[in-house]
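Reader: I've got a model open and I'd like to learn how to read it. Could you walk me through it, one feature at a time?

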Amino acid sequence: MKSRANVLIVSYEEEEAACYHIRILSPLTRFPSEDFKYIRLPSMHAVMNASNIPDIIYIRRNYHPLKFTERLLKFAKSNGIITVMDIDDLITDVPIGHPSLDYYRSVRDVLMSFMREVDYITVSTGELKKHLYPLNKNIEVLPNYLDPQIWLMKTRAKRDSANKKIVIGYAGSNTHVYDFEIVTAAIRHILSKYKGR
């Protein structure tokens with residue numbers, strides 16, 4: 001019995017994408033690189049001809065064409081491969097006005113079918129787990145973390161904080177407009193409380 005699992009990562013994301021780094025690359029840097037292989041824009045030929053038949057196929061949330069999805073699951077089941085799907089947004093129920101609304105509506109049924117069929121699902125929050133639990137009971141929360149090797153964290157001394165300018169940073173695409181609605185009241189409170197800073 002081998003001591004380590006061979007993991008095949010299937011994704012349509014660029015390796016440079018933020019979500020790829022947060023959800024996949026940063027956690028996997030804790031493991032030897034020979035234990036996982038990343039395939040972008042996969043085909044069944046690429047999956048079936050990986051150097052070793054994987055123990056686990058780890059699928060990022062991105063939509064895969066129905067025929068590919070069916071073949072991938074059939075290949076995994078017939079070879080005893082564990083399938084895991086990672087989802088970090090409620091992509092089955094995006095709000096009206098979302099820039100990718102039409103796209104996610106068009107692939108919703110395939111995504112839901114896929115979530116029912118995989119062995120496990122990992123999600124980023126407890127709320128997401130509640131929404132998706134009816135589709136698959138084997139679902140675990142894998143929170144997003146900032147990698148300390150990329151983000152240098154330091155504790156600011158209290159004596160410096162009284163007069164220092166407060167900087168609130170944000171990074172994200174136009175798909176996160178609705179996130180601001182959630183924090184608008186908090187931002188207004190901060191702007192009022194720390195006026196001029």
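**A walk through the fold**

Author: Let's start with leucine 128, which lies in helix H5. Helices (H or I, at least four residues) and strands (E, at least two) are DSSP runs, numbered from the N terminus. Bear in mind that this is a predicted model, where local features need pLDDT of at least 70, side-chain atom pairs count only at pLDDT 80 or more, and totals for chains, interfaces and linings use all residues. Residues are numbered from 1 along each chain as its sequence is written, and side-chain values use heavy atoms, with hydrogens and water left out.

Reader: Is leucine 128 buried or exposed?

Author: Buried means under 20% relative accessible area, exposed over 50%, and partly exposed in between (1.4 Å probe, protein chains only). Leucine 128 has 6%, so it's buried.

Reader: And which residues is leucine 128 in contact with, leaving aside its neighbours within four places in sequence?

Author: Contact means heavy atoms within 4.5 Å. On that basis leucine 128 touches Ile87, Asp88, Asp89, Leu90 and Val123. Take aspartate 88: it sits 40 residues away along the chain, yet the two C-alpha atoms are separated by 7.8 Å.

Reader: How do I read strand pairing? Which strand does S5 pair with over three bridges?

Author: Two strands pair if DSSP finds at least two bridges between them. S5 pairs with strand S6 (residues 139–141) in the parallel sense, and there valine 123 has valine 141 as its bridge partner. To get from S5 to S6 the chain passes through helix H5 (residues 126–132), in a right-handed β-α-β crossover. Right-handed means that, with the strands pointing away from the viewer, the path from the first strand over the helix to the second runs clockwise. Strand S4 (residues 82–87) is also joined to S5 (residues 120–123), by four bridges and in parallel, with methionine 85 opposite isoleucine 121. S4, helix H4 (residues 101–117) and S5 make another right-handed β-α-β unit.

Reader: Why is strand S1 described as largely enclosed by the rest of the structure?

Author: Because five of the five residues of S1 (residues 7–11) are buried. Val7, Ile9 and Ser11 point one way, while Leu8 and Val10 point the other. S1 runs parallel to strand S3 (residues 56–60), joined by four bridges, and valine 7 stands opposite isoleucine 56.

Reader: Where is tyrosine 170 placed?

Author: Look in the loop between helix H6 (158–161) and helix H7 (177–193). Tyrosine 170 is partly exposed, at 45% relative accessibility.
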